[in-house]
Amino acid sequence: MRNRGSVALLAGMVLAGCTINIPLFPGPGPLQETQVGGTGTAKVLLLDVSGMISSQEGDGLVPTPGMIAHFKEELTRAAKDEEIKAVVVRINSPGGTVTASDILHHELKAFKAARKIPVIASIMDVGASGGYYIAAATDMMFAHPSTITGSIGVIMLTVNARGLLEKVGLEASAVTSGPRKDMGSPFRPMTPEERALFQELIDSMYQRFLTVVQDGRPKLSMEQIKKLADGRVYTGEQAKAAGLVDEIGYLEDAIDTAKKRAGLTEARVVMYRRPGEYSNNVYSKALTGNGLAGLAQLDVMSFVRGGTPQFMYLWMP
């Protein structure tokens, strides 16, 4: 009877001309904790940094939080849970934008300062450039035997569409308040003076990257770091020999080390997921894709449409 009454009330509201807003595709729900291994009361939290590092929000029929918002939400929840005694950050990323990488690094450092619990990085297929930048915020880095990491450096991505426009008979022009206002425009060649100005910006961002690496790898001198930071990538074994990572091991090894550093003999391994996301073990798929597949998220044509150069901590062979 109660259901009939509800239907009748709804029908009456419709006939009366009332507007009823029922979303066809509800938004994502709040994070929920899922256990993916282990036993005990204490918890080891497994976080993901996967795919292109960007502040861009997720598109689609059901909008999803961007990487930064999602990571911040996870850390905020973890900071309030006293049963979380250690964190393992699973990294599988070729990097991304300079600012997004720096924000994730900052948020992880702030979490460590607030909770003072072990934070371990486990680098999967790729932990390059911005991915490595974030790993440098952790207490210890694991790399798989087949990991590709490194690529310490900055790249500015831009395009020159002038030739394409000429072929289709189009010409772009800009009215500016100064001769440098449109520098980096995809519609004209870059002058030597403008290239020098951009190089100054890149050098500044590169110096910040070097400082982050030195803070995270105190056993390496700045001279050693500069020799390693010419943009090249390394295998896990090469990175360990160079001092860029601490150990070669699998995700389970990183989790075991996190437990030992927290003084635990047993712990539940947990992850945060939204309703409908499937996770039943520590290798369950990350939220945002993985590895070099994240490069598919890089919309090169957006450089043409927006005309803005992109500064990236990114390995983009």
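Student: In which strand is Phe142 found?

Tutor: In this predicted model, Phe142 is found in strand β6.

Student: Why is Phe142 called buried?

Tutor: A residue counts as buried under 20% relative accessible area. Phe142 has a relative accessibility of 5%, so Phe142 counts as buried.

Student: Which residues does Phe142 touch, leaving out those up to four places away in sequence?

Tutor: Phe142 touches Ile120, Ala121, Ser122 and Ile123, together with Glu247, Ile248, Gly249, Asp253, Ala254 and Thr257. As for Leu244, its C-alpha lies 10.0 Å from that of Phe142, and 102 residues separate the two in sequence.

Student: Which residues of helix α9 are buried, and what do they pack against?

Tutor: Helix α9 spans residues 251-261, and its buried residues are Leu251, Ala254, Ile255, Thr257, Ala258 and Lys259. They pack against β2 (43-50), β3, β5 (119-128), β6 (140-143) and β11 (268-273). Gly263 follows α9 and has a positive phi, near 75°.

Student: What makes α2 roughly parallel to α3?

Tutor: The axes of helix α2 (residues 67-79) and helix α3 (residues 98-115) come within 10 Å and cross at roughly 0°. Angles under 35 degrees count as roughly parallel, and α2 is therefore roughly parallel to α3.

Student: Which residues make that contact, and how do they divide by class?

Tutor: From α2, the contact is made by Met67, Ile68, Phe71, Lys72, Leu75, Ala78 and Ala79. From α3, it is made by Ala100, Ile103, Leu104, Glu107, Leu108, Phe111 and Arg115. By class, the contact of α2 with α3 has 11 nonpolar, no polar and 3 charged residues.

Student: How many aromatic pairs does the structure hold, and why is the pair of Tyr133 and Tyr313 called stacked?

Tutor: The structure holds 4 aromatic pairs. Rings pair if their centres lie within 6.5 Å, and planes under 30 degrees apart count as stacked. The ring centres of Tyr133 and Tyr313 are 4.9 Å apart and the planes are at 25°, so this pair is stacked.

Student: Where in the chain do the two partners lie?

Tutor: Tyr133 lies in helix α4 (residues 130-135) and Tyr313 in strand β12 (residues 310-314). They are 180 residues apart, and the pair links distant parts of the chain. Tyr133, Phe209 and Tyr313 form one aromatic cluster.

Student: Are Tyr133 and Tyr313 buried or exposed?

Tutor: The cut-off for buried is under 20% relative accessible area. Tyr133, at 0% relative accessibility, therefore counts as buried. Tyr313, at 1%, likewise counts as buried.

Student: Why is Ser93 called buried?

Tutor: Ser93 is found in strand β3 (residues 84-93). Its relative accessible area is 0%, so Ser93 is buried by the limit of under 20%.

Student: How do you know that the side chain of Ser93 makes a polar contact with Gly95?

Tutor: The side chain of Ser93 reaches the backbone nitrogen of Gly95 at 3.0 Å. The limit for a polar contact is within 3.5 Å. Leaving aside neighbours within four places in sequence, Ser93 is in contact with Val49, Gly51, Ile53, Val126, Gly127, Ala128 and Gly131.

Student: What is the secondary structure of the protein, and what share of its residues is buried?

Tutor: The protein has 10 helices and 12 strands. Buried residues make up 44% of its 317 residues. Among contacts between residues at least 6 apart in sequence, 76% join residues at least 24 apart.

How values were computed: Residues numbered from 1 in each chain as written. Predicted model: local features only at pLDDT ≥ 70, side-chain atom pairs only at ≥ 80, totals over all residues. Heavy atoms only, no water. Axes fitted to C-alpha atoms, helices over the stretch in contact; angles between N-to-C directions. Helix = DSSP H or I, 4+ residues; strand = E, 2+ residues; numbered from the N terminus. Parallel < 35°, antiparallel > 145°, perpendicular 65-115°, else oblique. Contact = heavy atoms within 4.5 Å. Nonpolar A, V, L, I, M, F, W, Y, C, P; charged D, E, K, R; others polar. Phe/Tyr/Trp six-rings, centres within 6.5 Å; stacked < 30°, edge-to-face > 60°. Buried < 20%, exposed > 50% of the residue type's maximum accessible area, 1.4 Å probe, protein only. Polar contact = N/O pair within 3.5 Å; in protein donor to acceptor, adjacent residues only side chain to side chain.
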